[in-house]
Amino acid sequence: MTRTDREGPIQRAIVSWLKVVLPDAIIHHSPAETRRPGRAGDVERAMNAANGVLPGFPDVFIRTRWGDCYLEVKAPGGSLSASQKAFRDKLAALGCNRFAMVRSIDEARDTLAAWGIQTREAGSLVRLPVRGVVR
């Protein structure tokens, strides 16, 4: 049975948008999952953990001149896992309150605005491809 990737297209759209509106920022995704089944997946997860992959690390890390931001991308109906909540809480304990769960470019835009992060949008329209990425 093939698992449908509902979050990936949303994340790629948000990352593409971020690259356009925050050209001077560092925008990063640390893959923490494996799609490999069985023992191969177990080995890959163990190697990732040994290499420093943190459970619950958000999908998108953004470093701007206004500080660091973390976005966890979810498809409609999705919610934070226990490890994602723990990571969010650890960030807050360290004084970082720029963690948000977002489901769309509009939610990411509203979140950045609430955090005081200034973006460069081409007037009121930012044209992004329906498929693919902006480079």
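Two strands are taken to pair if DSSP finds at least two bridges between them, and helices (H or I, at least four residues) and strands (E, at least two) are DSSP runs numbered from the N terminus. On this basis, S2 is joined to S3 by a hairpin through 2 residues. The structure is a predicted model, in which local features need pLDDT of at least 70 and side-chain atom pairs count only at pLDDT 80 or more, whereas totals for chains, interfaces and linings use all residues. Residues are numbered from 1 along each chain as its sequence is written, and side-chain values use heavy atoms, with hydrogens and water left out.

The sheet is described first. It is an open sheet of 4 strands in the order S1-S2-S3-S4, with mixed pairing. Strand S1 (26-28) and S4 are the edge strands, each pairing on one side only. Neighbouring strands of this sheet are turned against each other by 20° on average, direction ignored, where axes are lines fitted to C-alpha atoms, for helices over the stretch in contact, and angles run from 0 to 180 degrees between N-to-C directions. In general, strands of a sheet pair through backbone hydrogen bonds, either parallel or antiparallel.

The pairing of S1 with S2 is antiparallel and extends over 3 bridges, and within it isoleucine 27 has isoleucine 62 in S2 as its bridge partner. Strand S2 (residues 60-64) also pairs with S3 in the antiparallel sense, over 5 bridges, and here arginine 63 has aspartate 68 in S3 as its bridge partner. On the other hand, S3 and strand S4 (residues 99-102) run parallel and are joined by 4 bridges, with valine 73 standing opposite valine 102 in S4. Strand S3 (residues 67-73) is mostly covered, 5 of its 7 residues being buried, where buried means under 20% relative accessible area, exposed over 50%, and partly exposed in between (1.4 Å probe, protein chains only).

S3, helix H3 (residues 82-93) and S4 make a right-handed β-α-β unit; a crossover is right-handed if, with the strands pointing away from the viewer, the path from the first strand over the helix to the second runs clockwise. Aspartate 89 lies in helix H3 and is partly exposed, with a relative accessible area of 43%. The C-alpha atom of aspartate 89 is separated by 9.3 Å from that of phenylalanine 99, the two residues being 10 residues apart along the chain.

Helix H1 (residues 7-21) lies across S1, S2, S3 and S4 and runs at about 155° to S3. H1 has 15 residues and reaches 21 Å from its first C-alpha to its last, close to the 21 Å expected at 1.5 Å a residue, the expected span being 1.5 Å times one less than the number of residues. The buried residues of H1 include Ile10, Ile14, Trp17 and Leu18, and what covers the buried residues of this helix includes S1, S2, S3, S4 and helix H4 (105-114). Glutamine 11, also in helix H1, is buried at a relative accessible area of 13%. Leaving aside neighbours within four places in sequence, glutamine 11 is in contact (heavy atoms within 4.5 Å) with His29, Asp59, Val60 and Val73.

For helix H2 (residues 38-50), the 13 residues should span 18 Å at 1.5 Å a residue, and the end C-alpha atoms are 19 Å apart, which agrees. H2 is followed by glycine 52, whose phi is positive, near 105°.

A search of the whole structure finds 4 aromatic pairs, where rings of Phe, Tyr and Trp (its six-membered ring) pair if their centres lie within 6.5 Å, and planes under 30 degrees apart count as stacked, over 60 as edge-to-face and the rest as tilted. Phenylalanine 57 and tyrosine 70 form an edge-to-face pair, at 6.0 Å centre to centre and 80° between the planes. This pair links distant parts of the chain, 13 residues apart, with phenylalanine 57 in the loop between H2 and S2 and tyrosine 70 in strand S3. Phenylalanine 57 is partly exposed, at a relative accessible area of 22%, whereas tyrosine 70 counts as buried at 10% relative accessibility. The rings of phenylalanine 57 and phenylalanine 87 have centres 5.1 Å apart and planes at 70°, so this pair is edge-to-face. Because phenylalanine 57 lies in the loop between H2 and S2 and phenylalanine 87 in helix H3, the pair ties together parts that are 30 residues apart in sequence. Phenylalanine 87 is buried, with a relative accessible area of 12%. Ring pairs link Phe57, Phe61, Tyr70 and Phe87 into a cluster.
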